[in-house]
Amino acid sequence: MANWDKFTETLARGVARGTSRRGLLAWLGGAVTGAAALPVLPVSRAYAAGGHSGSPGRPAQTSGTDQDPGDRTQCDYWRYCAIDGFLCTCCGGTVNSCPPGTEMSPITWIGTCTNPADGRAYVISYNDCCGKSSCGQCLCNRNEGDRPPVRPQSNNDYNWCLGTESSVYNCSTAIIIGVATEPR
Amino acid sequence: MKRVSFSVALAASVALALPVVAQTVAPKAFPKPLAEEPIPNVATLPEKYPASWIMVHDFNFMALADGRGSVVDVADPVNPLKGMVSIAQFGNVLLPKTKAEIYTAETYYTRLSRGERTDVITIWDKANLKPKGEIILPGGKRHQQVTYKNAFQFTNGEKWALISNFTPAQSVSVVDLEGRKVLSEIDLPGCSLIYPTGQRGFTTFCADSTFSTLQLGEDGKLVSTTTSKPILDIDKQPLFGMPAMVGQTAWFVSYYGVLKGFDLSGPVAKPLGKDFNVGTAEGASPEWRPGGWQVLASDAAGKLYVLMNPSGREGSHKDGGTEVWVFAPASKARTARIPVRGPVISIEVTREDKPRLVAARVDAVVDVYDAASGTFQHSLGNTVAFNPQTLSVID
């Protein structure tokens, strides 16, 4: 993480001094396909009623496989380690799909979460679903590692419904995009 | 004519209902009926609001496209909500001292959540809360974020507004509020938020721990950029994004409680070099840290109010607080600890002769305290906003 931050800062500042904004956009686009941390999202934990929220009393949604344990409607599900928003599992989508009629944001923030079942660290992409109003169900927000807006790649207050037809935010997914490897 | 017919029909239906009520309630002998009341009848507000009125930005998380701003009299627990303006879709609100206007920066879609996007600064009349003008912001790039006041600020004696863009490329648009037009757009890759500096400029914080002060020409175009040494330690002392202003000094607080001042009166922002820490106190587990959204406020005398969370740890900085600590920056002394009913996420202090501390809670209840003594005065209840995210004095 520290190396990544230093890298991004150096690069961002280099872009700031030398190139165009499109350059920064290209950099961000590239970063998405890398690893590490591009957290994001729009909702303050303050409005989560207790703990990290989720939705107490809601029937559990599970994967059906022991290798992917946990209730996907609850904030303590292992993939949600860096999420901030309404869980798409409660909004008509699933942990890895957007609700019908929404559009999945191509620009995402990424977390690295450890699966308690197999002990592997997975890179999780928190793609937002956009184009319908706030889902309003299963708000989940954690701020560990969250930093001020001066560092957008690690600030979860931004609305990342960017690059979509509509910037109206509906909910967030948590998609496995690979197994994280140890930084060299 | 249709309207008249409808009114008559409505009146008739009410008249028919009356005898039923009369049968169950014993009538008293009042010699005269109640007076007829005029229709239509719409309330208005004074152009200059009383000092007990503030703007509450209702972010309305459950319907972000329908964010609002509530004009609230914190001295009136009976009828605190005086009126509303819209602040649609991750918007911002800006309150001038020099004009009887309110500015909101908003985003609309023609079909609410889809269709053609319009980013706009709406100019509201303070007395009737009607839109009196607007400035379209081109390019569909207005910064959308849980609201930081410093994404939308004044410069040039409130003649201009500065507004952040995020696509995620970062820039600032300079807007002539009087001429109703966008003057320029200044690229700011790697830097975010706006702290007005000098007569016609602003300072912005950058991801490499520097800050830059940008000065603008009379045409709104960039004239100079001065970049500091890397003194903002984002990893070890990350600063909450919204400062409290004491004159033209911006006071920030870090996640860990360091108070840091910047003099923004001149052509270049200058750190005061008088940092101090909020200190410690009993009653915390594991420790007191600032926590909430708008965690810092100032009063007219220059004291600073910091919202404190007794459960401070990594990731607790938005959880809200249960005490407000008061500091005199000149002496760096803590002068009071005010317990608040909480958790509270945002605080503000009015500019009344006897200032009030206003505390917006996680459950959307807004409570009011005497700022000098810390005594609880009254609660406005859950009556002014779904999600009171920021609170702003209206001068």
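Contact here means heavy atoms within 4.5 Å. The model is predicted: local features need pLDDT of at least 70, side-chain atom pairs count only at pLDDT 80 or more, and totals for chains, interfaces and linings use all residues. Residues are numbered from 1 along each chain as written, chains are lettered from A, and side-chain values use heavy atoms without hydrogens or water.

**View 1. Surroundings of Phe252(B).** Beyond its neighbours within four places in sequence, its contacts include Tyr195(B), Phe205(B), Leu239(B), Pro243(B), Phe262(B) and Leu296(B).

**View 2. The Tyr195(B)–Phe252(B) ring pair.** Rings of Phe, Tyr and Trp (its six-membered ring) pair if their centres lie within 6.5 Å; planes over 60 degrees apart count as edge-to-face. These two centres are 5.0 Å apart with planes at 85°, so the pair is edge-to-face. Tyr195(B) sits in strand 12 of chain B and Phe252(B) in strand 17 of chain B, so the pair ties together parts 57 residues apart in sequence. Strands are DSSP runs (E, at least two residues), numbered from the N terminus. Tyr195(B) is also buried, at 3%.

**View 3. The aromatic cluster.** Ring pairs join Tyr195(B), Phe205(B), Phe211(B), Phe252(B) and Phe262(B). Over all chains, the structure holds 23 aromatic pairs.

**View 4. The largest nonpolar core.** A nonpolar core is a set of buried Ala, Val, Leu, Ile, Met, Phe, Trp, Tyr and Cys residues joined through side-chain atoms within 4.5 Å. This one has 33 residues; Phe86(A), Cys171(A), Phe205(B), Phe252(B) and Phe262(B) touch the most other members. Strands 5 and 7 of chain A and strands 12 and 17 of chain B each supply at least two residues.

Notes. Buried < 20%, exposed > 50% of the residue type's maximum accessible area, 1.4 Å probe, protein only. Helix = DSSP H or I, 4+ residues; strand = E, 2+ residues; numbered from the N terminus. Phe/Tyr/Trp six-rings, centres within 6.5 Å; stacked < 30°, edge-to-face > 60°.
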